[in-house]
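Please read the following report alongside the sequence and the coordinates.

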Amino acid sequence: MAKCPVCETEYTPNEVETCSVCGYDLTPYPPVIGGIPSGFLEKEKKRIAAAKRVWQLSQSQVKSAQLMVSHLQSQLDEMTRKIDGFTTTQSRLESQNEAIASQSLSRLESQVEAIASQSLSRLESQNEAIASQSLSRLESQVEAIASQSLSRLESQNEAIASQSQSLSRLESQIEAIASQSQSLSRLESQVEAIASQSQSLSRLESQVEAIASQSNRYHARIAE
Ligand SMILES: [Zn+2]
């Protein structure tokens with residue numbers, strides 16, 4: 001077995017042309033008459049050393065990159081575990097939330113129903129009380145108004161009856177006065193007739209006096 005001069009991977013000579021790891025040319029030098037010049041061999045050794053340094057540098061870079069990758073991978077694994085934990089916690093919280101929301105909703109619904117039922121019955125009884133009070137108040141008001149109106153009508157009726165009686169009394173008084181006026185005019189014409197008769201009487205008296213005077217004078221002349 002031989003080793004790759006650059007990366008030291010083992011290989012079987014004359015079976016492979018290049019290293020399976022670093023790709024270095026592994027074919028033997030062609031046979032040269034008189035041997036390989038020493039200057040060429042030195043140059044070749046320097047080239048191999050440079051390739052080996054490049055290979056080792058790249059290997060160390062690969063190792064640090066692999067270390068970084070494994071570090072990142074472990075971080076990724078940890079993050080994945082945390083995310084799984086978060087997801088589990090989240091689904092548990094969601095189901096708890098749903099349960100709490102469902103319980104709260106049904107509790108709120110029953111509370112709302114109880115409050116609505118109480119308010120309704122309270123409103124109904126208040127309505128009944130108000131209606132009953134209003135009805136009895138209206139009834140007593142109607143009774144008071146009817147009673148007042150009745151007594152006012154009765155007193156008005158009495159006043160009208162009293163005024164009617166006074167009116168008929170006045171009518172009979174007017175009739176009596178008219179009748180008395182007629183009697184008075186009859187009396188006046190009688191008085192006038194009496195006055196006229198009185199004048200005729202006084203005329204008769206003066207005639208009687210004149211006749212008596214003439215008669216006296218006549219008797220006296222006869223006596224002479
Ligand atoms: Zn190699």
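Predicted model: local features only at pLDDT ≥ 70, side-chain atom pairs only at ≥ 80, totals over all residues.

Residues are numbered from 1 along each chain as its sequence is written.

The protein chain has one helix and two strands, where helices (H or I, at least four residues) and strands (E, at least two) are DSSP runs numbered from the N terminus. Read along the sequence, these elements follow the pattern β-β-α. The radius of gyration of the protein chain is 83 Å, well over the 17 Å that the globule rule gives for 224 residues, so the chain is more spread out than a compact globule; the radius is taken over C-alpha atoms, and the rule is 2.2 Å times the number of residues to the power 0.38. Along its principal axes, the C-alpha trace spans about 265 × 45 × 20 Å.

Of the 224 residues, 2% count as buried, a class that requires 20 or more other C-beta atoms within 10 Å of a residue's own, whereas exposed means 12 or fewer and partly exposed lies in between, with C-beta atoms placed from the backbone. Among contacts with a separation of 6 or more, 20% join residues 24 or more positions apart, a contact being two C-beta atoms, placed from the backbone, within 7 Å.

Helix H1 covers residues 38–223. Its 186 residues should span 278 Å at 1.5 Å a residue, and its end C-alpha atoms are 257 Å apart, which agrees; the expected span is 1.5 Å times one less than the number of residues. Of the residues of H1, the number buried is one, so the helix lies largely in the open. Ser-185 belongs to this helix, and its C-alpha atom is separated by 185 Å from that of Thr-9, 176 residues away along the chain.

Most residues other than glycine have a negative phi. Glu-8, in the loop between strand S1 (2–3) and strand S2 (10–11), has a positive phi near 65°. Asn-14, in the loop between S2 and H1, likewise has a positive phi, near 65°.

| Residue | C-beta neighbours within 10 Å | Class |
|---|---|---|
| Asn-14 | 10 inside 10 Å | exposed |
| Ser-185 | 9 inside 10 Å | exposed |
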